[in-house]
Amino acid sequence: VSSAASTRTAARLTRGNAGRRTRRRKTITLGLVSLSLAVGLRSNSSSDPAHDVSISDPSYDESRAHLFYTLAGAAYCQNASIGSWSCIPCARSNQSVVSNKIFYDKLTGARGFAGAFADASGTTMIVVSFRGSEGLNNWIMNLNFAKTDHNMSCAGCKVHSGFYDCWRAMKDHGIVVELRRLIATYPSAKVYTTGHSLGAGTAC
């Protein structure tokens, strides 16, 4: 009886450990997927191409995921390194900078860049990248998780207040104006947003 009970207990422990390993793998996978958010945007309106957009090409691609992972990481680099596109994440993106501008808000700690980049084939894309949490002000924004429907363009829609405040700060500093300029300058380029952590929420 004791031997049978021990066998059943061992079997339950084995199943439990396997279940925990599966859950850990799922958690790690979800964490990696959420590490960097990249959304391709296509303009629907000539009157305001930086506002009216639709998501295009939603399929997952490993090399593209790595590209936007590096572009999200570049938002953590120093201003001079982003400007010259010389930091490690910048180099790993295998993109050359065509035009790039950095934005920062002291109150919220929000930071990001908007730029045009070209790959080895000469194909140009427009990227808006937001930095994740780095500093007290960023964490205050993270904890401001009450939902707000302020300035939402769809009925009943609400968003994380801290993420919204970061986005508004970036907009007030001119990131949308710069995005419109880039779209007008490179009308055939696809537009992408990316970010890590708080930056991914702002990118949404």
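Accessible areas come from the Shrake-Rupley method with a 1.4 Å probe. For this protein, a predicted model, the accessible surface comes to about 12,000 Å², and carbon and sulfur atoms account for 57% of it. The protein has 204 residues, of which 37% are buried. Its secondary structure consists of eight helices and eight strands.

**Confidence and contacts**

- The mean pLDDT of the protein is 76, and 62% of the residues reach 70 or more.
- In residues 20–39 the pLDDT is below 50, and this stretch has 23 contacts in the model beyond near neighbours in sequence.
- The pLDDT is also below 50 in residues 42–47, a stretch with 10 contacts beyond near neighbours in sequence.
- Taking the contacts between residues at least 6 apart in sequence, 55% join residues at least 24 apart.

**Helix α7**

- Helix α7 covers residues 175–185, and its buried residues are Ile175, Val176, Glu178, Leu179, Leu182 and Ile183.

**Aromatic rings**

- A pair of aromatic rings is described by the distance of the centres and the angle of the planes.
- The protein has five aromatic pairs.
- In one of them, the ring centres of tryptophan 85 and phenylalanine 113 are 5.7 Å apart and the planes stand at 80°; planes over 60 degrees apart count as edge-to-face, so this pair is edge-to-face.
- Tryptophan 85 sits in the loop between α3 (79–84) and α4 (88–92), while phenylalanine 113 sits in strand β4, so the pair ties together parts that are 28 residues apart in sequence.
- Tryptophan 85 also pairs with phenylalanine 117, with 4.6 Å from centre to centre and 40° between the planes, which makes this pair tilted.
- This second pair links distant parts of the chain as well, since phenylalanine 117 is in strand β4 and lies 32 residues from tryptophan 85.
- Together, Trp85, Phe113 and Phe117 form one aromatic cluster.
- Buried means under 20% relative accessible area, so tryptophan 85 counts as buried at 8%.
- Phenylalanine 113 is buried at 0% relative accessible area, and phenylalanine 117 is buried at 0% too.

**Residues with positive phi**

- Asparagine 94 is not a glycine, yet its phi is positive, at about 55°.
- Asparagine 94 belongs to the loop between α4 and β3.
- The relative accessibility of asparagine 94 is 61%, so this residue counts as exposed.
- Serine 197 is not a glycine either, and its phi is positive at about 60°.
- Serine 197 belongs to the loop between β8 and α8 (198–203).
- With a relative accessible area of 36%, serine 197 is partly exposed.

Technical notes: Residues numbered from 1 in each chain as written. Predicted model: local features only at pLDDT ≥ 70, side-chain atom pairs only at ≥ 80, totals over all residues. Heavy atoms only, no water. Helix = DSSP H or I, 4+ residues; strand = E, 2+ residues; numbered from the N terminus. Buried < 20%, exposed > 50% of the residue type's maximum accessible area, 1.4 Å probe, protein only. Contact = heavy atoms within 4.5 Å. pLDDT = per-residue confidence, 0-100. Phe/Tyr/Trp six-rings, centres within 6.5 Å; stacked < 30°, edge-to-face > 60°.
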